[in-house]
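Me: Can you walk me through this one? I have the sequence and the structure open.

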Amino acid sequence: MSKITIPLGPQHPALKEPGNFMLVLEGEQIVGATVRLGYNHRGIEKACEDRSFIQDLYLIERVCGICSHSHTTCFCMATEDAAKIEVPRRAQAIRVLVGELERVHSHLLWLGVAGHEIGFDTLFMYSWRDREQVLDCLEMISGNRVHYALNTIGGVRRDITLEQKAEILKRMDILEERTKYYIQLATQEPTVLARAKGVGHLPTEEAKKRGAVGPTARASNLPFDVRKDDPYLLYDELDFKVITSDSCDVFGRLVVRVFELLESFKLIRQVLNDLPEGPISVKVPRKLPAGEGVGHYEAPRGEDIHYVRTNGTEKPDRVKVRAPTLANFSSIAYMLEGGYLADAPIVIAAIDPCFSCTDRAISIRTSTEGEYSLSWEDLRKLGIEFYRSQGIDFSRVAK
Amino acid sequence: MVRPAKMLKELIGSLCTEPITVRYPYQKLRMPPKYRGRIACKADLCVGCRLCVRDCPSDAIQILPLPGEKYQFSYRSLLEGKKVNVQIEKPGRKKFKAVIDLGKCLFCAQCAESCPRKALLETEDYELAALTKDRLIRTYEGDGKTEQ
Amino acid sequence: MTEGRTEEAIKEKLEVRFGTNLSNWTIQRKGRMYVELPREALVEVVQFAKEELGFDHLSTITGLDAGEHLELIYHLFAKGMLLNLRTKLPLSDPKVKTIIQLFPGAEPYERELEDMLGATVEGLPPGRHYPLPEDFPPGQHPLRKSWKVSDAYPEEV
Amino acid sequence: MVSETLKASFSLLVFPGLLFLSSFGMFSEWLDRKLYARMQYRVGPPWFQPFADFVKLMGKEVIIPEAADEALFKILPSFAGAAVCTSILMIPVWGPSSVYSFQGDLIAVIYLLTIPTVSFFLGGWSSTSPYAAIGSLRVLTQLFAYEVPLLMAVLGPAILSGTWSITGISAFFASHPALLPVNLIGLVVSLVALQGKLERVPFDIPHGETEIVGGAFTEYSGRLLAFFLLAMDMEMVVGAALISAVFLGGAMGLPGFLGFLLFVLKSIMIIFILSAMRALMARIRIDQMISFCWKILAPLSLLQVLINLIVKGTI
């Protein structure tokens, strides 16, 4: 049978972000896969170098739209290490709380996306409906739904009140019940099992060799979790389990994420019931002393690492961001090969990719020679002309 | 343990309840207190330190001095033999206006935090879409109620 | 892997094996240590750390332009410990040997060093650019301190 | 002769043909979408949404790939629609009998209903895009999987009633309603196969959007796409009508308008089952689909034929 090469991306309904996978097909079977990234390089690392630390916080937050708190916490921890700043315990607890709420939101989002990739839109709608609960919590704490802007160097910007605490605990009970339902669903619905079991196999040694992180690694029976292995904030005082699965496939990744939700609820309750008293931030000078620091954080997608070097001015000398997806990339090509085309979207989605975080960092490109750009007016004119040629006149419709 | 049609009960339940969707333009969303919506400015309180401008991650805010109030009087000059108008600025604090470009704003409210006089506020206003870019630029003078 | 492993023990083991090659030890806090080594010894030290000391996860490679030289920092991770190996490359000859035979996952990090900082990683198989586009002006490396957006896109500024 | 031609064109173009079928098809698309949405806690579209979509697509620019065979590319959508319109003539809609009825029209309808599928395949194949090529290959592969169980499932009632005409079958069941439950397995098999024919979840493999974008329709746009989608809607009505006539006794002998009402009611019921099926499951892979059809559906329909042979022998 002749081979067909199918491009998956950079624009494709399965991928919500730009990444390119060239799949060589023999019938339905994938015999070769190449991964190409770099479509969304935004120059964040370079941009950080000529902004002040406070401005960088909000820039770093925009590395990722889902794990915004992970990146800022990681950046703050690296900067605080470099400048030898001690963060109050209450601030650390609030960081843990928001980090876990974010993990719940991210995992529920993933569950929905995974459902959509295997054509199970009902699961998608249900899990996103439930995700609103946790988004409401985050909105209540921080005032924003996605980019919480809660971290600042030396602490957090907003405190948790008693009413908020009660409200969050109430919503966590609802979510826990829903999560248990999803566990049943994932392990009992035959079509989900048919699409998840044995798909995208990644054996333990291969995961270790290719440096897989996060739920991808844990589903390959590799108990690697920064929260346990390199405890930061208050994690060494909190009680939680590292969830692993030995099935090494998409089903394992699904199970690991859903059970991690339960662990997160446990953590959220622990933090809220035992919130340390005290200030929520310390005063930090604008100019930080010279030094360097590494932030190490378990984002919902896996290990996130930031390196910050300060040079005594109010701007950093170098900020390096390594988002979790990049570490999982060499595993994708391995998992795709030998699989079916129909499984490609779910295999890619199973690492919960976030290409824009991965690429982070250069500038906007505008018109180059040979291309042209259209202004709003030009577009409108073009549209009116087209419809006029079809016999409909839109020219009197208001702008 | 495999159970086909696992969700059937839930589906029927969903058919019998109201949709979860908020029918937005007809039904407004309720924002929690301290929601970070449009940033407003009580320009009366502004002392023109421009800390907000310095901290804004996206250059969305500008603080511009307002021409102060003036005493105006005129007298007939004996030397030139004609009427001369004289303006003298009233003594007192200088006034400022804030120009905030909502197209650039990130709604992080760092400016509200940086402001030593708490002149900048977070509001619960979230319906900020506009058809043209220039309508996204809001100017605040006086007590913050007036805007363009 | 070994629970009783301390920063000092690792320092001692590395010093016994590589002696004077290593300099500028910093133990910043629990689980964070920095050490500087010449680039010739890099592959050997990484291999030793991976095989003998249990640092089996490469978190990332940071590259930065420190003025007169490029500085690379290899962040190796083992349970509870982040070992940061620092090596300096002169700007006139920014060459370093690849470590993808030890950590296959290091390929994108090394490509990034080539693209963004203009280091030459010897032994990296030919491949596409990452993360810069294929038509990016050659010889320009955005993370060098001297680089400006106008160098690559003059029409934008 | 002239009146005969007039009658034929009226039934082909107005009732129960194109005009009725397309409006009822759009209604059932809306119903399907609304039910699907309500099962997911959503609001769903307003009643005129399918019509608005159709009008919008009619106004859009038609883009034909350069490498495609233009004539074939353009003719296929009307081909698909025409085949569906013809097939409704042999299914009773108004009252207990259809417009044209003859021995063997059951087989004719089943074959007329494969024409849209074949035209989807040809349309995708002639548009020479990799997504469309994969999609149309899947259309054809899937056709071989569900067609046999569907045919064997409708064979059961035909054997039981001893006639090959749809009108005859529904008349037989109208007079022997006690025999309806005998065909339960066949009904289930044919509902599942119909889901496959209409390319809906869990069998929407030919245009699984997360895998191959639009499948066979990837390169279709504007008017041509509108007609393809309309043909799909009409196919849903014809499929539901076929099942209601063959397995549920059609109009149950009720004359004229009452029979028509019963037809609408039964179609709505079948559409409800189809939407529930769509909401309940994930899309399966093409290899899983084929093994499911051949290993489970086909033996089940054989069992149905066997049961009906035994029942036929006893009555």
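**Chat about the model**

Me: Start with helix 5 of chain D. Why does its end-to-end distance agree with its number of residues?
Reply: This is a predicted model. Helix 5 of chain D covers residues 105-126, which is 22 residues. At 1.5 Å a residue the helix should span 32 Å, and its end C-alpha atoms are 31 Å apart, so the two agree.

Me: What is the phi of Thr128(D), after that helix?
Reply: Thr128(D) follows helix 5 of chain D and has a positive phi, near 50 degrees.

Me: Switching to chain B. How many helices and strands are there?
Reply: Chain B has 3 helices and 8 strands. Along the sequence their order is α-β-α-β-β-β-β-α-β-β-β.

Me: What is its radius of gyration, next to that of a compact globule?
Reply: Chain B has 26 Å, while a compact globule of 148 residues would have a value near 15 Å. The C-alpha trace of chain B spans about 105 × 30 × 25 Å along its principal axes.

Me: And how many of the residues of chain B count as buried?
Reply: 22% of the 148 residues. Of the contacts in chain B between residues at least 6 apart in sequence, 74% join residues at least 24 apart.

Me: Now the largest nonpolar core. Which residues touch the most other members?
Reply: Leu23(A), Ile91(D) and Ala241(D), out of 271 residues in that core. Helix 10 of chain D, residues 222-247, supplies the largest share of the core, with 19 residues.

Me: What is Ile91(D) in contact with, leaving aside neighbours within four places in sequence?
Reply: Its contacts include Ser98(D), Val109(D), Ile166(D) and Val238(D). Ala241(D), Leu242(D) and Ala245(D) are also in contact with Ile91(D).

How values were computed:
Residues numbered from 1 in each chain as written. Chains lettered and ligands numbered in written order. Predicted model: local features only at pLDDT ≥ 70, side-chain atom pairs only at ≥ 80, totals over all residues. Helix = DSSP H or I, 4+ residues; strand = E, 2+ residues; numbered from the N terminus. Expected span 1.5 Å × (residues − 1). Rg over C-alpha atoms; globule rule 2.2 N^0.38 Å. Buried ≥ 20, exposed ≤ 12 C-beta atoms within 10 Å, placed from the backbone. Contact = placed C-beta atoms within 7 Å. Core = buried A, V, L, I, M, F, W, Y, C linked by C-beta atoms within 7 Å.
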